[in-house]
Amino acid sequence: MLCKQVIMQGMAVGRAVDLTKLSGYSDLCQKLEEMFDIHGELGSTLKKWRVIFTDDEDDMMLVGDDPWE
């Protein structure tokens with residue numbers, strides 16, 4: 001199990017997602033849409049939300065900029 005905390009901007013409480021149950025960034029985005037009840041908003045052309053993460057060097061990265069491992 002590899003759980004990571006995820007936080008949606010504007011929400012006070014973060015949630016945990018188990019990355020070992022996902023097969024890539026598209027699965028992650030789908031899971032986040034379910035968790036935060038924003039169905040279709042991460043994959044739409046409107047790009048209302050963006051998924052970012054902090055890498056091992058504490059740099060902010062957009063999802064997809066780094067290979068899924």
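Reader: Before we start, how are helices and strands assigned here?
Author: Helices (H or I, at least four residues) and strands (E, at least two) are DSSP runs, and their numbering starts from the N terminus. This is a predicted model, in which local features need pLDDT of at least 70 and side-chain atom pairs count only at pLDDT 80 or more, while totals for chains, interfaces and linings use all residues. Residues are numbered from 1 along each chain as its sequence is written, and side-chain values use heavy atoms, with hydrogens and water left out.
Reader: OK, where is Asp37?
Author: Asp37 lies in the loop between helix H1 (25-35) and strand S3 (52-54), and its phi is near 55°, a positive value in a residue other than glycine.
Reader: Is Asp37 buried or exposed?
Author: Asp37 is exposed, with a relative accessible area of 59%, where buried means under 20%, exposed over 50% and partly exposed in between, using a 1.4 Å probe and protein chains only.
Reader: And what is phi for Asp58?
Author: The phi of Asp58 is near 65°, which is again a positive value in a residue other than glycine; Asp58 sits in the loop between S3 and strand S4 (60-62), and is exposed at 63% relative accessibility.
Reader: Switching topic, how many disulfides are there?
Author: Taking a disulfide as a pair of cysteine sulfur atoms within 2.5 Å, the count comes to 0. Cys3 is in no disulfide, since the nearest cysteine sulfur, that of Cys29, is 18 Å away.
Reader: Which accessibility class does Cys3 fall in, then?
Author: Cys3 counts as partly exposed at 41% relative accessibility, whereas Cys29 counts as buried at 17%.
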